[in-house]
Amino acid sequence: MTRHLPAGQDADRAAVRDRVLEQVDHRIGGLLTEEHRRRATEGRRAAALVSDVAAVVRSGGDRVRAGLFLTGYLAAGGDPDAATAVDTAACLEFLDAGLAIRADTREGAALRRGLPTLHVSHAAEHERNGWRGESRRFGDTSAVLAGDLALGYADRLASALSGAARREWESLRTQRVLGAYETAVATAAYQDDPWPTDCLALSCSPGCAAGAYAVHHPLRLGALLAGRPELVGSYAEYGARLHAAWRLRGFLAGGPGYDDEAELLRDVLFDAGDRQSAEARARELVEEAARVLRPAALPAPWHAELARWAEHLGSARRS
């Protein structure tokens, strides 16, 4: 799986990553188009569920999970032409879509990235058509099934993974669910903390794992798929700091998951000095992320690219 690029191509490594990301988009689009065509011959209703998944996956923004995975993979010397790498990046996007659909349904969210969530749109469909039963229940049921379908596509794309990479995928798959449950229990028991305490201490709690998947696992999965298990520790150290900076920026910006108690803390109890200190800590975490990665045996251009990732995510709100 490992095939280092010629030294003369160092300056173009980010361009190679972006080219592979385009292949990921083509893979996602091709799978969904074929699925829609196949299901449409079986019945309009089955095809509609595929369209639901497509709408969520295609609204996925800047492909952070797939981009981090490919950066970690290519930095470790992974073959940019390997179909397994493209499929793995695509499966991360389907996994994110499936669990986002389920989270929106559990939490009763009305919008995601400016668009009506699936449970809302299907409930409205039920009402428009005057169908039997409760429209809300129909909306929730339809959205859950769309989430199941997206997770099925993720597992299909991950089927070629083996060995340590397969185990990392299974860990990611499990921890996202368990982390979400821990968060739900903490919220119900009035034990949730709007301030990302554990993340800033670089000791992620089980509930925090519902978000840490976005950084830690994709990087480690990239190293393992490239056959470089010795990079897992370095990527984990980098990822812990990057994730903490991302969480802190999400808190400061009022991103998803940072409303209610977080809004009170951020907008009422925080003064200018508190905000400045938080901003400074986010910058420190970005710098630390690049610094802890320096001993890792990676080509210099990829060290620079990973430092740019830290800068990008450390200044962005969490999604």
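How do the axes of helix α10 (residues 216-225) and helix α11 (residues 232-253) cross, and within what distance do they come?

## Two helices side by side

In this predicted model, the axes of α10, which covers residues 216-225, and α11, which covers residues 232-253, come within 9 Å and cross at roughly 160 degrees. Angles over 145 degrees count as roughly antiparallel, and α10 and α11 are therefore roughly antiparallel to each other. The crossing in which α10 passes α11 is right-handed.

On the α10 side, the residues that meet α11 are His216, Leu219, Arg220, Ala223 and Leu224. Their counterparts in α11 are Val232, Tyr235, Ala236, Tyr238, Gly239, Ala240 and His243. Sorted by class, the contact of α10 with α11 is made up of eight nonpolar, three polar and one charged residues.

## Salt bridges in the model

Side chains of opposite charge can pair when their charged atoms come close. The structure holds 25 salt bridges, and three of them are described here, beginning with the pair formed by Glu230 and Arg228, whose side chains meet with an N to O distance of 2.3 Å. Arg228 counts as buried, because its relative accessibility of 13% falls under the 20% limit.

A salt bridge also links Asp104 with Arg112, and the closest N and O atoms of this pair are 2.7 Å apart. The two partners are placed in separate classes of accessibility: Asp104 is buried, with a relative accessible area of 7%, whereas Arg112, at 26% relative accessibility, counts as partly exposed.

Which of the classes, buried, partly exposed or exposed, does Arg39 fall into? With 23% relative accessibility, Arg39 counts as partly exposed, while Glu42, with 53% relative accessibility, counts as exposed.

Conventions: Residues numbered from 1 in each chain as written. Predicted model: local features only at pLDDT ≥ 70, side-chain atom pairs only at ≥ 80, totals over all residues. Heavy atoms only, no water. Salt bridge = Lys/Arg side-chain N within 4 Å of Asp/Glu carboxyl O. Buried < 20%, exposed > 50% of the residue type's maximum accessible area, 1.4 Å probe, protein only. Axes fitted to C-alpha atoms, helices over the stretch in contact; angles between N-to-C directions. Helix = DSSP H or I, 4+ residues; strand = E, 2+ residues; numbered from the N terminus. Parallel < 35°, antiparallel > 145°, perpendicular 65-115°, else oblique. Left-handed = near helix turned anticlockwise from the far one by under 90°. Contact = heavy atoms within 4.5 Å. Nonpolar A, V, L, I, M, F, W, Y, C, P; charged D, E, K, R; others polar.
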